[in-house]
Amino acid sequence: AEMGMPVDVIKSYSMAFWEYGPTELKSDEWDRVKTQIEKGEQRIAKKRLQEELLGKFVGTFDDPQNDMVFANKGTTHFSLEQDRAILCGVVKHGYGNWNAIREEIRNDTSLLFQHTVQGMNIDAIAKRCDYRMRQMEKELESRQKKLSSLKPAAVEEAEVALAAIKNMEAWESEAKMMQLQGEPAPPIESFVKQGLNSLGDYLNERQVCIDKLREVETQLRGCKMMAEETKEAIL
């Protein structure tokens, strides 16, 4: 397709080449052509792998155009903003589409006052991209390990809450035991190190429920006394 020929024609040519090439070409010529083809296929496979890795690397940032950073700062005459723009351009237009990538960089508003950008030719862009992509695989591996070791905020909050609940239950058990012995309850902080806000809310709600139950108990006791007085008056 890149040669301007229909895919079915290229497939037919390929089948004929691999079928008749070994017999129609001289042995040394066939080996030379075959080696060139194999090297070309290896370059294509490597290019596809690098594009895939680049997409993964850029995808580890929420806003790669502004947040992407590199462990290796590289040469000083290339700014961080330029490297970001180049790699984002490769992800958008594909590796090898240097003219489109160059126009993308030249029209990047964050690079308007970096005059070296306007003078960058496609060879300079390609070489810089290749440099960054060579460094990228190690950076991606390191970044993925770091991200996999981090727990989502919701998971961390849930773990803290569960730990606070367990410690709270232990505190309640100890507090009841000491109160039955006529001793003051131990301080909450001695049991609960994290989640004190949640524990405080729980204890406040618990106290409100206890107060309401005591109020109901008092009312029931009053009703019982009134019923007994009424019964005696009737009799």
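Colleague: Does Arg 132 count as buried or exposed?

Modeller: This is a predicted model, in which local features need pLDDT of at least 70 and side-chain atom pairs count only at pLDDT 80 or more, while totals for chains, interfaces and linings use all residues. Residues are numbered from 1 along each chain as its sequence is written, and side-chain values use heavy atoms, with hydrogens and water left out. Buried means under 20% relative accessible area, exposed over 50%, and partly exposed in between (1.4 Å probe, protein chains only). The relative accessibility of Arg 132 is 4%, so Arg 132 counts as buried.

Colleague: Which residue does the side chain of Arg 132 meet in a salt bridge?

Modeller: A salt bridge is a side-chain nitrogen of Lys or Arg within 4 Å of a carboxyl oxygen of Asp or Glu. For Arg 132 the N to O distance is 3.2 Å, and the partner is Asp 83. This pair links distant parts of the chain, 49 residues apart: Arg 132 in helix 7, and in helix 4, Asp 83.

Colleague: What is the relative accessible area of Asp 83?

Modeller: Asp 83 lies in helix 4 (residues 80-93); helices (H or I, at least four residues) and strands (E, at least two) are DSSP runs, numbered from the N terminus. Contact means heavy atoms within 4.5 Å, and Asp 83 touches Phe 70, Phe 78, Arg 128 and Arg 132, not counting residues up to four places away in sequence. Asp 83 is buried, and its relative accessible area is 2%.

Colleague: How many residues apart are Glu 52 and Lys 56?

Modeller: Their side chains meet in a salt bridge (3.7 Å, N to O). Glu 52 is partly exposed at 45% relative accessible area, and Lys 56 is partly exposed at 42%. Both lie in helix 2 (residues 27-59), about one turn of the helix from each other, and their separation in residues is 4.

Colleague: What kind of aromatic pair do Tyr 13 and Phe 17 form?

Modeller: Rings of Phe, Tyr and Trp (its six-membered ring) pair if their centres lie within 6.5 Å; planes under 30 degrees apart count as stacked, over 60 as edge-to-face and the rest as tilted. The structure holds 6 aromatic pairs. In the pair of Tyr 13 and Phe 17, the centres are 6.4 Å apart and the planes lie at 20°, so the pair is stacked.

Colleague: What are the buried residues of helix 5?

Modeller: Helix 5 spans residues 98-106, and its buried residues are Trp 98, Ile 101 and Ile 105. They cover an arc of only 60° around the axis (taken from the directions from the helix axis to the C-beta atoms), which puts them on the same side of helix 5. The names asked for are Trp 98, Ile 101 and Ile 105.
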